Amino acid sequence: MAIKKLAMANIVCHREGLDELLRDMILLEKSEFIDTFLEINEGEFSIGISEEHADEILDMEDIVSLKENKEIKQYIQKLEVTLKGMQYTPKLHKNHMKGSHHFEVIKAEIDDLSCKFENLTEEVSHITARLKSLDEIQYIERLKNIDVDIGRLIKMNYFTMKFGYLTREKARKISQNQENIKAIVLHIGTHDEKEFYIILSPKSLDIEIGRILRSTNFMEIVIDESYWGTPKEMLEKIDLDTQRYKERLKEIQETTKKDIEAHSESMDRLYSKLIMERKIDQVRVKVGVTQSFAYISAWIPESKLDHYNKAFTQHQDTLVAYKKADEVSVTIPVPTRIENNSFFRPFEMLVNMYGVPSHDEIDPTVFFGIAYMFLFGAMFGDFGQGFLITLAGWFLQKKVNPQFCGILMRIGMGSMIFGIFYDSFFGYEHVISTLIPLNIYLRPMDNINLILFLAILAGLVLVYISYGYSVVNKYRAGDLEEGAFGRNGINGIVLLSSVLLLVYKQVANVAWIPIFPISLVILLCVVLLVIKHPLASWIQKKEHLYEEPPGEYYIESGFNLFETFLSLLSNSASFIRVGAFALNHVGLFIAFHTLADMTGTLGGNVIMFIIGNVIIIGLEGLVVFIQGLRLFYYELFSKYYTGEGVLFAPDKI
Amino acid sequence: MYKVRTHAASNAKSKAILGRLLKEADYLELLKLEKVEEVIEYLKRYTHYSEVFSDIGMSIGDHEVVIKKYFFNTYEKLYHFYMDAYRNFFKAMFCRYEVENLKLFIRVLSRNEPLSDLRASLIYSELYSNLNYDQLEKAVNMQDLLDMIGHTIYYEPLVVFLEEDSEHMIFHMEMVLDRCYFSQLRSSIEALKSEDRELMLELLGINVDILNVQWIYRGRQFFDISSEELFNFTLEGGRRYDYKILKELCYMGFDAFRSYILGGDYSDIFQDREYMMERAMERHLFYRLDEYIKSTKLSIALPVVLLFKFEYEMRDLFTLMEGKKYQFENLKDLLIRELGRA
């Protein structure tokens, strides 16, 4: 079975050994920690009660939770900044995470490392800042034909000269009010939405002009004294320095490269440890502690208990008590651990898209996987195109979502198998039958009615299997009302079967099926459907037969009855689309084939063949993919599958 | 077709909520009551607030919090009806609360009062705020406050005024914050579909006009800001006053300015007492809103009008509750709506 059982482990250990224990559990990658206080507050946290555990039990009175260590985040940031400055992307290695380590030691090492490279990173940021400011004064280029020393202009005694830029909107504001502004405003160029200006005003108006400029968000660019000169000289200096800085930057990069090579392992080690420390800290906030003990609650797969027991024995004085999922308080949701074999695993994605099964539900993945391949294959049966889909899944699995590619490969195979039976190879019929002359072929276009009939028949088989699942699920949940008398329970199966028998009698004109008893059964089913709630309450000896006023209940169940019959019809008829798409698939190719014939040339034929196949695989493949999902979600899952579970998410790196 | 797709759901929802808002008769009843408890009881029994007020153990402060939450839930509901550019527009509208709160912070800090008492009077949505109010209320001076908002769009335009004397600083900072909000809102409106864009630009234009008038008035009356500066700060895109008129207004004598405004569309702003100017502006806007519902079908106007009206209702209720608590006289005059207006 695909849903694996989980056990709740209640663990008590010495407080000083807590981090190591958590680390070992995280490295085992199979435990999901929950907030211990959820259990303690419910009085559910269990330690074997005996005299030797007296300390652990007595101590529980002063239990508190641990706070998050914010320093860890800061240090991760610090390390990442340093590593980014060195242009090194650290790698995570599990081996580095093992063994004892303390955050204080890691902190010291990171401080060391960042100190060591601080000068370098500082120089890099200094140079980049310089390069940026040099880039900003490049606009001086516009003034290169003026033969005046800019320094002398800046140093003037009675006038102030400022360089800077404005946004376009503010520049407009200035020009709209130019007659009132007591300054010379000289536009020198535009760059990146910025308007560059030189502002010249008398020194006596400095305060006033300063205010006005500030109200326009004027960003002044201060030109370093060392660059002063005529614009031509300035540009030469700027070019020279830019060149120099760039070379220095390159030099630094080369030295760091060597350093990185020498230090890469220790940096990886440090980073791995720190990430582990963060994970431990995330788990630690869920733990309860006292002066000397720590109390942990975690979900662990029952099948892995041995692994964990072995790990626990390495930590002295650790007490562990296990509980089964149904012994845990109902206020704590039991997560669902799904484990399917590798063939069906990709289909979990599509099942989870509808909802995660609850821990006591049957996992529908295997049924879904087989039936989905079947439905896709039946609707899109073509050996060649199926092969291409499989191939695409295989090639893309490393680059795109591997689960989705897994599904592509499998439904492609479904398509190939049906392609053989439909005798269809890239749309061409009779190719396969010529190569393998057997009497197994069923070409859709030659057997339209049979194909449609088979589609409904297959649909009915799927519907019956769903009913089976539904009954088992309802039985497990102890839901007598729906399981026995509901429309998706045993009553539903009997009703559907009786109706089908009647229909069969009418269609095939069979004499041996008696009408009266079957009608009686249908009537009984209908009555049961109407009175299912009071009946189930009566059998289970509940206090109230109805949970709402009886009048309302019967009106509701009357409408329900109407819907039940409607959905019996629509559920079964819905599967006719499987046959219809099988026909449509051939039909679409015939259309392209005709187009190809109309072109009359070999080139045209080949082009039409390629275009046709691309469109069929792309467009029809997508439609069929969605239709298959739709059939499952609406016709089948809605019968028996609630999907209200929470996925088991083990704490791991 | 896009109108139905974009607006049908939100307009239906807005209309439904708009119909539930308090009527004039409710205000008249509320004014008659004596205690805050009675106000709350009335709201609980006869109005749409019955949905959100629970029976047990809520203080007056709790009720205010619940009303604010209710308001922002409505905001978020409408937000979720929309996509892309329209969502951005709603987000930009959320900025107004940030800006108003920051203005409040700046005023309080300049008076050297602590920010921690302000929390209850802030109106903000936790969901779409760029500000961390828990952190902000710990600021003890302007530098602190600016450091804390260093990551937001408000930082750069504000920081240049840090060195100014405190009075000018407040004036400038408030103005710059309004600018920030309006320029964001404007660019989000530019991305809307043409009809909605026109509608919102018009509403924005009225807002811009009123705000410009207010800034010029305050700048001249209280802060002695130079005309050049005032003009640079005025917002573009006003409905009645383009840059030429604004420039004239900035350079006019104070009395001439006053009489110019009194002779125009926005005369009601100056008809009230001086310290009630902001209220008068809101009142002006409040009564303009109805025009927008009447003139359009299926547009962004209805949700926007709803949000404005709902907010004004909420603020009137807070005024009422506060007024009852401290036994104010003439509470009626403090409300945004004008009771008995034809």
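Me: Which residue stands opposite A:Met161 in β7(A)?

Reply: A:Leu200 does. A quick note before we go on: this is a predicted model, in which local features need pLDDT of at least 70 and side-chain atom pairs count only at pLDDT 80 or more, while totals for chains, interfaces and linings use all residues. Residues are numbered from 1 along each chain as its sequence is written, and chains are lettered from A and ligands numbered from 1 in the order in which they are written.

Me: What makes β5(A) and β7(A) a pair?

Reply: Strands are DSSP runs of E with at least two residues, helices are runs of H or I with at least four, and both are numbered from the N terminus. Two strands pair if DSSP finds at least two bridges between them. Strand β5 (residues 159-167) and strand β7 (residues 194-202) of chain A are joined by nine bridges and run antiparallel, so by the definition they pair.

Me: Which strands are at the edges of that sheet?

Reply: The sheet is open, with four strands in the order β6-β7-β5-β8 (chain A) and antiparallel pairing. Its edge strands are β6 (184-191) and β8 (219-220) of chain A, since each pairs on one side only. Helix α8(A) packs on this sheet and touches β5, β6 and β7 of chain A.

Me: How many bridges join β6(A) to β7(A)?

Reply: Seven, and the two strands run antiparallel. A:His187 stands opposite A:Tyr197 in β7(A). Their hairpin has two residues between the strands, and A:Asp192 takes a positive phi near 60° there.

Me: Why is strand β2 of chain A called largely enclosed?

Reply: A residue is buried if 20 or more other C-beta atoms lie within 10 Å of its own, exposed if 12 or fewer, and partly exposed in between, with C-beta atoms placed from the backbone. Seven of the nine residues of β2 (residues 6-14) of chain A are buried, so the rest of the structure largely encloses this strand. It also has strand partners: nine bridges join β2(A) to β10 (residues 293-301) of chain A, and six join β2(A) to β11 (residues 319-324) of chain A. Both pairings are antiparallel. A:Met8 stands opposite A:Trp299 in β10(A), and A:Ala9 has A:Tyr322 as its bridge partner in β11(A).

Me: What makes A:Leu450 exposed?

Reply: A:Leu450, in helix α17 of chain A, has 12 other C-beta atoms within 10 Å, so A:Leu450 counts as exposed. In space A:Leu450 is 8.9 Å from A:Gly579, C-alpha to C-alpha, although they are 129 residues apart in sequence.

Me: Why are α17(A) and α21(A) called oblique?

Reply: Angles run from 0 to 180 degrees between N-to-C directions, and axes are lines fitted to C-alpha atoms, for helices over the stretch in contact. Under 35 degrees counts as roughly parallel, over 145 as roughly antiparallel, 65 to 115 as roughly perpendicular and the rest as oblique. Helix α17 (residues 448-476) of chain A packs on α21(A) at about 120°, with the axes 7 Å apart. The two helices are therefore oblique to each other.

Me: Which residues of α21(A) meet α17(A)?

Reply: A:Asn571, A:Ser572 and A:Ser574 meet A:Ile456, A:Gly459, A:Leu460 and A:Val463 of α17(A). Two residues are in contact if their C-beta atoms, placed from the backbone, lie within 7 Å. By class this contact has three nonpolar, four polar and no charged residues. Here Ala, Val, Leu, Ile, Met, Phe, Trp, Tyr, Cys and Pro count as nonpolar, Asp, Glu, Lys and Arg as charged, and the others, Gly among them, as polar.

Me: What is noted about the phi of A:Glu29?

Reply: Most residues other than glycine have a negative phi. A:Glu29 has a positive phi of about 60° although it is not a glycine. This residue lies in the loop between α1 (18-28) and β3 (32-34) of chain A.
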